[in-house]
Amino acid sequence: MGKFIVLLAVVFLIVWLVRGGRPGRSVPPPPSAPPPPANAAAAPDTIVSCAQCGLHLPKTDALPGRGGVFCGEAHRSAFEREHAPR
């Protein structure tokens, strides 16, 4: 019975050493998340309002026209028809 316990202890010791249980060895920390891109903190877009309906939208999405900026082609056309010189 004593030989069986010694054999079992040796097997456990070998398995522990093979799996990386060496004394003084620590588990490496998980990799950190990558930093956000530099342009992610860019300034927000300027907000403008449609000259026809007053809808607020980013300037980059607005359509320029005579009389201001517009939320879409339909509002730009309607505004220009209504305000056309006679």
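Two helices and four strands make up this protein, where helices (H or I, at least four residues) and strands (E, at least two) are DSSP runs numbered from the N terminus. The model is predicted, so to read it well, keep in mind that local features need pLDDT of at least 70 and side-chain atom pairs count only at pLDDT 80 or more, while totals for chains, interfaces and linings use all residues. Residues are numbered from 1 along each chain as its sequence is written, and side-chain values use heavy atoms, with hydrogens and water left out.

**Overall layout**
- Starting at the N terminus, the order of elements is α-β-β-β-β-α.

**The N-terminal end**
- Methionine 1 sits in the segment before helix H1 (2-18).
- Methionine 1 is exposed, because its relative accessible area is 77%.

**An aromatic pair**
- One aromatic pair turns up in a search of the whole structure.
- Its partners are phenylalanine 70 and phenylalanine 79, in a tilted arrangement with 5.2 Å centre to centre and 55° between the planes.
- Rings of Phe, Tyr and Trp (its six-membered ring) pair if their centres lie within 6.5 Å; planes under 30 degrees apart are stacked, over 60 edge-to-face, and the rest tilted.
- Phenylalanine 70 and phenylalanine 79 are both buried.

Technical notes. Buried means under 20% relative accessible area, exposed over 50%, partly exposed in between (1.4 Å probe, protein chains only).
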